[in-house]
Each structure stands twice: as C-alpha cells, then as structure tokens.
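Let's take a walk through this structure together. Have the sequence and the 3D view at hand as you read.

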Amino acid sequence: MNKSLRKAIIAGNWKMNKTRPEAKELLEAIKPLVADAKDVEVIACVPFTNLETAVNVTAGSNVKIGAENVHFEKSGAFTGEISADMLTELGVEYVVIGHSERRQYFGETDETVNKRTKAALAAGLKPIVCVGELLWERECDITEEVIARQIKLDFFGVSAEDIKKSVIAYEPVWAIGTGKTATADQAQEVCAFIRATLAKLYDQATADAVTIQYGGSMNAGNAAELLSKPDVDGGLIGGASLKANDFSVIVHAAVNG
Ligand code: PEP
C-alpha cells in the first residue's frame, strides 16, 4: 500500500463541548500551532452553534470546519434537524456521520447513515463516516463481519467517484472516550480490512485513494505509533482535540506518519 496516494486527515470531534467564545479561543490557539502542517488536512468538527464562528475564525488558515451530523432531507418538517445545504451555505466542508454516540443514543442506523452520506455528498460536503465494532462483537470474533456490513450498507449506492471524496473513520466503540486505545496493530488490521472491502466493492485504485482514519482515545502519546501504520491515514480525535497542544502534536505525528 502506498500512503502517498492519499491525504493524511486529522479531525477533531468536539462533541457537545464549547460555547462560542470558548470555540473561538481554542481555534485561535490551534491555528498557529498547525500552520506549518501543509501536507495534512486539519479539521475541527464542532457543534452546530459554533459553526459560523468557527468558519470565520479559521478563514484564510489551513484549518477546515466540519459539522457533527446532518439530516438527509433537503428541507421540511424535521424539527431540530439541519440540512446539508444549511451547512455548505455557512462554509462548512466536512461532516461526521454515524458516530457511535449517535448510533448508541440517537437511534442512528446504517440505513440513516447511508441516507445522510448520500445527502452530504450530493450537497458537496465531505462525509467522515464512522464504523466500528462493540467490545462484545470483538470478543465474539465478528469484528470483520460487523465492519464489512457497515461499509456495505453505509456506502450502498455511493459511486467510486464519491467514495473517494469520503473519509472512513474506524472507531472501535470500546476505545471511544474510554482511554483504551486499540493497539497500532489492531488499528492497522481493521483499517487494512476496510481497504480490502472497498477494493472488493469498487476496485483497488479506488480503495487506495480513500483516507481511512483511526479513532478511539488517540492522544499526543500514542498518535505517532498509530499513524505510522500503512493503512492508518489519519485520526478522528475526541478528548485530545479540545487541547490545542495535544491536537497539534497529533497533527504533526501525521506529518511524519
Ligand atoms: C471520537 O469522539 O470520535 C473519539 C474518538 O473520542 P476519543 O478520542 O475521546 O476517544
């Protein structure tokens, strides 16, 4: 596998954290720290209320802004939801879809992940689609079945051209926010399996072009080892993305990875 075929992408997932002034302060701190990381796509995925502030604060910098969810309909009677057009109109470029917290607490299914992914792509947003097994599923030795099923369903009907615009985040659910990181070998094994699954569904060239991230308690201390693996092209970072220095260390680990 040739890592140079794809861009390293480090994305922070702020979850439900930061008011607007706090978001401004954090982004102002991150910007100069990552300004030299030209070969890495640096993204902050922030709560809906922070998007406009975040887009303004990062204008002219190499930090891109993402949302944490998107609805699949263009408009209508969907109280509390936000459409892809509403996001692009703000200058948002990325969106996290199917995060395990959305699957666990908000009834997200592979079918709705698929609909959201297609809606995002149709509007010109780049989806960061999260997949990952539960601890129980890993213990039952069905990790590959779970991941293959999620990849097939989440990208059902997505063209080869469009999947190249998508990012896949492998996030073992047992490693998210728990401090338990998958070992670099475990992360590599599943990221390589995702690429092999894409090669079967599309073709090898398409699979080689898709950025696959690892997410799950990635931090300043373990990022370099995880990102050194041939199929781990980046990271989706929760807790550590809320600390400018730690986030910057992870971004620079991707420069060297
Ligand atoms: C996440 O929210 O996607 C995540 C990986 O969280 P954490 O880094 O805190 O485990």
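What follows looks at the ligand and its surroundings, and then at a pair of helices.

Please keep in mind that this is a predicted model.

Now zoom in on the oxygen atoms of the ligand. Lys-15 places a polar side-chain atom 2.8 Å from a ligand oxygen. With Gly-238, it is a backbone N or O atom that lies 2.8 Å from an oxygen atom of the ligand. Gly-239 also takes part through its backbone, with a polar atom there 2.9 Å from an oxygen atom of the ligand. How much of the ligand's accessible area does the protein cover? On its own the ligand has 290 Å² of accessible area, and the protein covers 95% of that.

Let's turn next to two helices, H5 (residues 110–122) and H7 (residues 143–154). Their axes come within 8 Å and cross at roughly 45 degrees, which means that H5 is oblique to H7. On the H5 side, the residues that meet H7 are Asp-110, Val-113, Asn-114 and Thr-117. Their partners in H7 are Arg-149, Gln-150, Leu-153 and Asp-154. Sorted by class, this contact of H5 with H7 has 3 charged, 3 polar and 2 nonpolar residues.

Key
Residues numbered from 1 in each chain as written. Predicted model: local features only at pLDDT ≥ 70, side-chain atom pairs only at ≥ 80, totals over all residues. Heavy atoms only, no water. Polar contact = N/O pair within 3.5 Å; in protein donor to acceptor, adjacent residues only side chain to side chain. Areas by Shrake-Rupley, 256 points an atom, 1.4 Å probe, with all protein chains shown as cover. Axes fitted to C-alpha atoms, helices over the stretch in contact; angles between N-to-C directions. Helix = DSSP H or I, 4+ residues; strand = E, 2+ residues; numbered from the N terminus. Parallel < 35°, antiparallel > 145°, perpendicular 65-115°, else oblique. Contact = heavy atoms within 4.5 Å. Nonpolar A, V, L, I, M, F, W, Y, C, P; charged D, E, K, R; others polar.
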